[in-house]
Amino acid sequence: MADVLVLDGVRKSYGIGTPVETEVLHGIDLAVRAGEFVALMGPSGSGKSTLLNIIGLLDRPTSGRLRIEGTDTTDLGDADRTRLRGHTIGFVFQYHYLISAFTALENVMMPMVVDRGRADAEMARRAGELLAWVGLDRWRNNRVNHLSGGQQQRVAVARALAAGPALVLADEPTGNLDTASADGVFALMRRINRERGTTFLLVTHNLALAERCDRIVEVVDGRIGSERAGRDDGAVPV
Ligand code: ADP
Ligand code: MG
């Protein structure tokens, strides 16, 4: 299968031109195939979030190349990067960044509304479908601050899928959840991966979850350390 993502010698420095200039990524080479579910592990401060932000086109590498679905992003301007991000990439973070006063349905609709500049019935229908997909049909009209942490993270997963992304980047999405909720959110992402073919790159400190991914990639001090296969997750109960 084709690669969704190819990084070639990606380096990142912060504080360029200041006395505290520091290189935090020292030449990352990484390829992720379409449909793969990859876990990114590594100590705190090793550069995982920096790497995810670069892959998600939220930040630019200092040098090196990044290709997303065959498009070399190196020479793209901001408008093209924003467009590519919006159509190709979904994000789930440790904190959900939902709008607490809005309902689950409104939160999932939000990226579509922002993209098109207005809400319509088709967006509501699509958001409802996504919420049913993540098991929250009954809660679609509840304000998200009335939902549990695990339910809120499921809403965030549904929102990440709103634009039909090829690639979902999840930065410690289960870090704030209890074991059972973390397991449920992981199983949900794994099911989306299996049933829709969506590619996932998941940062996690949870070894038990990482081992249920297709591949575990370790980041150590801004470099790719060891890589190994996960074991098959089998049929996923949700
Ligand atoms: P991880 O997600 O693996 O914990 P990060 O990517 O957040 O690691 O951080 C990697 C290193 O880069 C850390 O030393 C961190 O302090 C530094 N860093 C992260 N973001 C910035 C920034 N905006 N400016 C300066 N240094 C940063
Ligand atoms: Mg981080």
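Good morning. I begin with helices α3 and α5, which are roughly parallel to each other. The model is a predicted one. Helix α3 spans residues 104–116 and α5 spans residues 149–160; they pack at an angle of about 30°, with their axes 8 Å apart. Since angles under 35 degrees count as roughly parallel, the pair falls in that class. The crossing of these two helices, α3 and α5, is right-handed. On the α3 side, the contact is made by A104, N107, V108 and P111, and on the α5 side by V155, A158 and R159. Sorted by class, this contact of α3 with α5 comprises five nonpolar residues, one polar and one charged.

I turn now to the second partner of interest. Helix α4, residues 121–133, packs with α3 at an angle of about 135°, and the axes are 9 Å apart. These two helices, α3 and α4, are therefore oblique to each other. Here too, α3 passes α4 in a right-handed crossing. Helix α3 contributes A104, L105, V108, M109, M112, V113 and R116 to the contact, while α4 contributes M123, A124, R126, A127, G128, L130 and L131. The residues of the contact of α3 with α4 divide into eleven nonpolar, one polar and two charged.

Finally, which residues are around ligand 1? They are Y14, V24, P43, S44, G45, S46, G47, K48, S49 and T50. A polar side-chain atom of Y14 lies 3.4 Å from a nitrogen atom of the ligand. Backbone N or O atoms also approach oxygen atoms of ligand 1: one of S46 at 3.3 Å, and one of S49 at 2.9 Å. Thank you.

How values were computed. Residues numbered from 1 in each chain as written. Chains lettered and ligands numbered in written order. Predicted model: local features only at pLDDT ≥ 70, side-chain atom pairs only at ≥ 80, totals over all residues. Heavy atoms only, no water. Axes fitted to C-alpha atoms, helices over the stretch in contact; angles between N-to-C directions. Helix = DSSP H or I, 4+ residues; strand = E, 2+ residues; numbered from the N terminus. Parallel < 35°, antiparallel > 145°, perpendicular 65-115°, else oblique. Left-handed = near helix turned anticlockwise from the far one by under 90°. Contact = heavy atoms within 4.5 Å. Nonpolar A, V, L, I, M, F, W, Y, C, P; charged D, E, K, R; others polar. Near = heavy atom within 4 Å. Polar contact = N/O pair within 3.5 Å; in protein donor to acceptor, adjacent residues only side chain to side chain.
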